[in-house]
Amino acid sequence: MSSSELLAVRDKDFSAHNVEFFKEILDQEDMADVTIACDDNYTVRAHKVILSAASLFFRNVIKKSQHPNPYIFLKGVSANHLNSLMSYIYSGETEVRSEDFQMFMTIASDLRIS
């Protein structure tokens, strides 16, 4: 009998490659399957699986939706905050003006973004 050894295969740039891909598909709305809208009549096309991975709120809404391309309205959220949230969800980082920081954190908390 021959014994075999398990070998680990790892892409050291896996996270960086995925972040770049996520940014690209957000910018190009490539393969988007959900629309997020906010108070300014502003919308962002996004991806159910990425939103669900980042936010328990989005995960619950998307799971309950019977529509293949849900439309989610975020009352009280401005276009600037929505863009900052999407940047954070898709890349793990964002920039927020200091005067908007508390509101950004409140929205992120309400959406249960980790």
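Analyst: The account below begins with the chain as a whole, turns to the sheet and its helices, and ends with individual residues.

This is a predicted model, in which local features need pLDDT of at least 70 and side-chain atom pairs count only at pLDDT 80 or more, while totals for chains, interfaces and linings use all residues. Residues are numbered from 1 along each chain as its sequence is written, and side-chain values use heavy atoms, with hydrogens and water left out.

The protein chain contains 5 helices and 3 strands; helices (H or I, at least four residues) and strands (E, at least two) are DSSP runs numbered from the N terminus. Read from the N terminus, the elements follow the order α-β-β-α-α-β-α-α. The radius of gyration of the protein chain is 17 Å, well over the 13 Å that the globule rule gives for 114 residues, so the chain is more spread out than a compact globule. That radius is taken over C-alpha atoms, and the globule rule is 2.2 Å times the number of residues to the power 0.38. Along the principal axes, the C-alpha atoms fill a box of roughly 65 × 40 × 25 Å. Of the 114 residues, 32% count as buried, where buried means under 20% relative accessible area, exposed over 50%, and partly exposed in between (1.4 Å probe, protein chains only).

The sheet is open and has 3 strands in the order S2-S1-S3, with mixed pairing; two strands pair if DSSP finds at least two bridges between them. Strand S2 (43-46) and strand S3 (71-74) are the edge strands, each with a single partner, so one side of each has no neighbour in the sheet. From one strand to the next, the twist averages 20°. Axes here are lines fitted to C-alpha atoms, for helices over the stretch in contact, and angles run from 0 to 180 degrees between N-to-C directions.

Strands of a sheet pair through backbone hydrogen bonds, either parallel or antiparallel. Strand S1 (residues 34-38) pairs with S2 in the antiparallel sense over 4 bridges, whereas S1 and S3 pair in the parallel sense over 4 bridges. Thr35 has a bridge partner in each neighbour: Arg45 in S2 and Tyr71 in S3. For Ile36, the bridge partner in S2 is Val44.

With 5 of its 5 residues buried, S1 is largely enclosed by the rest of the structure. Val34, Ile36 and Cys38 point one way from this strand, Thr35 and Ala37 point the other way, and all are buried.

S1 and S2 form a hairpin with 4 residues between them. Asn41, in the loop between these strands, has a positive phi of about 60° although it is not a glycine. Most residues other than glycine have a negative phi. At 76% relative accessibility, Asn41 counts as exposed.

Two helices lie across the sheet. Helix H3 (residues 56-64) lies across S1 and S3 and runs at about 140° to S3. Helix H4 (residues 79-91) lies across S1, S2 and S3 and runs at about 15° to S2.

H4 also meets helix H1 (residues 14-28): their axes come within 8 Å and cross at roughly 145°. H1 contributes Val19, Phe22, Lys23, Ile25 and Leu26 to this contact, and H4 contributes Met86, Tyr90 and Ser91, where contact means heavy atoms within 4.5 Å. By class, the contact has 6 nonpolar, 1 polar and 1 charged residues; Ala, Val, Leu, Ile, Met, Phe, Trp, Tyr, Cys and Pro count as nonpolar, Asp, Glu, Lys and Arg as charged, and the others, Gly among them, as polar.

Ser52 lies in helix H2 (residues 48-54) and is buried, with a relative accessible area of 13%. A polar atom of the Ser52 side chain lies 2.8 Å from the backbone oxygen of Lys48. Leaving aside residues up to four places away in sequence, Ser52 touches Phe58, Arg59 and Ile62.

Arg112, in the segment after helix H5 (101-110), likewise has a positive phi, about 55°, although it is not a glycine. Its relative accessibility of 44% makes Arg112 partly exposed.

Definitions and conventions:
A polar contact is a pair of N or O atoms within 3.5 Å; within protein, one must be able to donate a hydrogen and the other to accept it, and residues adjacent in sequence count only if both atoms are side-chain atoms.
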